[in-house]
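Please look over the sequence and the model shown below before reading on. The paragraphs after it take up the chain as a whole and then several of its parts.

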Amino acid sequence: MGKVNKYLKKNWLKVAIVLLLVYGATRKNLSLRINMNTPVKSEEKQPILPAPAVKEGYTENRNNAVPENKFSLDPFPSKQSASKLAEKLGQLDEAAKANFVHRFVKVAVNEQHKFGIPASLILANALLMSQAGQSAGAQVANNFFNLQCTSDWQGPTFASGKTCLRNYETAWMSFRDHSYYITTGTFSPLRTKSTTDVKGWVDTLQELGFYPTKADAKAVLLIIEQYELTAWDSR
């Protein structure tokens with residue numbers, strides 16, 4: 001025992017260091033065992049949310065993407081006949097009418113390819129009903145065909161006198177609405193006609209009530225002939 005005490009007194013520092021090392025190793029081993037026995041929390045899975053639906057600006061304004069002609073529209077809301085509008089159109093500057101055709105010819109040709117409507121007829125209707133883009137409806141509401149508000153219309157509106165017109169975000173929307181209008185519902189028989197049978201299109205539109213009289217249909221044909229619009233039907 002005396003030798004032990006003597007050894008400890010002489011080497012107490014070494015003994016203390018050894019004890020500290022042993023103590024540290026013991027605590028580390030104990031901590032490792034505790035961690036290994038602790039259950040690991042599973043990563044919470046986040047619910048997968050559906051991708052937001054892509055909105056289409058035009059079809060948001062109607063109840064059905066492809067309507068079955070609920071328009072019931074009078075393309076001459078001011079009760080002016082097509083022949084009267086043609087007289088007014090004839091008084092406008094020729095350069096303005098030429099510029100109008102140049103501006104919308106590509107739109108008309110694209111509508112022809114999609115709906116089978118002669119581009120010449122589309123341009124003639126737009127020229128006539130918007131007075132080459134100078135009508136209030138065309139300038140304020142991008143409405144180039146006097147298309148009116150109806151029960152299925154959910155978009156903005158424009159008051160032209162006592163008539164409620166559809167207010168379009170772009171001119172293209174007006175052209176597309178016109179294409180739907182004269183190829184669905186009452187006018188669906190026109191789908192069978194060739195794009196080269198312009199007179200057939202005009203006569204049938206008159207028979208189905210789009211143009212009020214035969215004189216109106218003739219006025220539209222004269223506009224097509226005068227401005228050589230059939231040149232675009234083969235594009």
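Among contacts in the chain between residues at least 6 apart in sequence, what percentage join residues at least 24 apart? The share is 64%. This value, like those that follow, comes from a predicted model. The chain has 235 residues, and 43% of them count as buried. Its secondary structure consists of eight helices and two strands. Followed along the sequence, these elements give the pattern α-α-α-α-α-β-β-α-α-α.

The torsion about the S-S bond of Cys-149 and Cys-164 is about -75°, so the disulfide is left-handed.

Arg-166 counts as buried because its relative accessibility is 0%. The side chain of Arg-166 makes a polar contact of 3.0 Å with the side chain of Asp-177.

Next comes a pair of helices. Two packed helices are described by the angle between their axes and the distance between the axes. For helix H3 (residues 94-115) and helix H6 (residues 171-181), the axes come within 11 Å and cross at roughly 35°. The crossing of H3 with H6 is right-handed. On the H3 side, the contact is made by Phe-104, Val-107, Glu-111, Lys-114 and Phe-115. On the H6 side, Ala-171, Trp-172, Phe-175, Arg-176, Ser-179 and Tyr-180 take part. Sorted by type, the residues in this contact of H3 with H6 are seven nonpolar, one polar and three charged.

Helix H7 (residues 198-207) is mostly covered, with seven of its ten residues buried. Which residues of H7 are buried? They are Val-198, Gly-200, Trp-201, Val-202, Thr-204, Leu-205 and Gln-206. After H7 comes Gly-209, which has a positive phi, near 100°.

The last stop is the loop between H4 and H5, where Gln-131 lies. Gln-131 has a relative accessibility of 10%, so this residue counts as buried. A polar atom of the Gln-131 side chain lies 2.9 Å from the backbone oxygen of Leu-128. Which residues does Gln-131 touch, not counting residues up to four places away in sequence? The residues touched by Gln-131 are Leu-85, Lys-88, Leu-89, Leu-92 and Ala-126.

How values were computed. Residues are numbered from 1 along each chain as its sequence is written. This is a predicted model: local features need pLDDT of at least 70, side-chain atom pairs count only at pLDDT 80 or more; totals for chains, interfaces and linings use all residues. Side-chain values use heavy atoms; hydrogens and water are left out. A disulfide is a pair of cysteine sulfur atoms within 2.5 Å. Axes are lines fitted to C-alpha atoms, for helices over the stretch in contact, and angles run from 0 to 180 degrees between N-to-C directions. Helices (H or I, at least four residues) and strands (E, at least two) are DSSP runs, numbered from the N terminus. A crossing is left-handed if the near helix is turned anticlockwise from the far one by less than a right angle, and right-handed if clockwise. Contact means heavy atoms within 4.5 Å. Ala, Val, Leu, Ile, Met, Phe, Trp, Tyr, Cys and Pro count as nonpolar, Asp, Glu, Lys and Arg as charged, and the others, Gly among them, as polar. Buried means under 20% relative accessible area, exposed over 50%, partly exposed in between (1.4 Å probe, protein chains only). A polar contact is a pair of N or O atoms within 3.5 Å; within protein, one must be able to donate a hydrogen and the other to accept it, and residues adjacent in sequence count only if both atoms are side-chain atoms.
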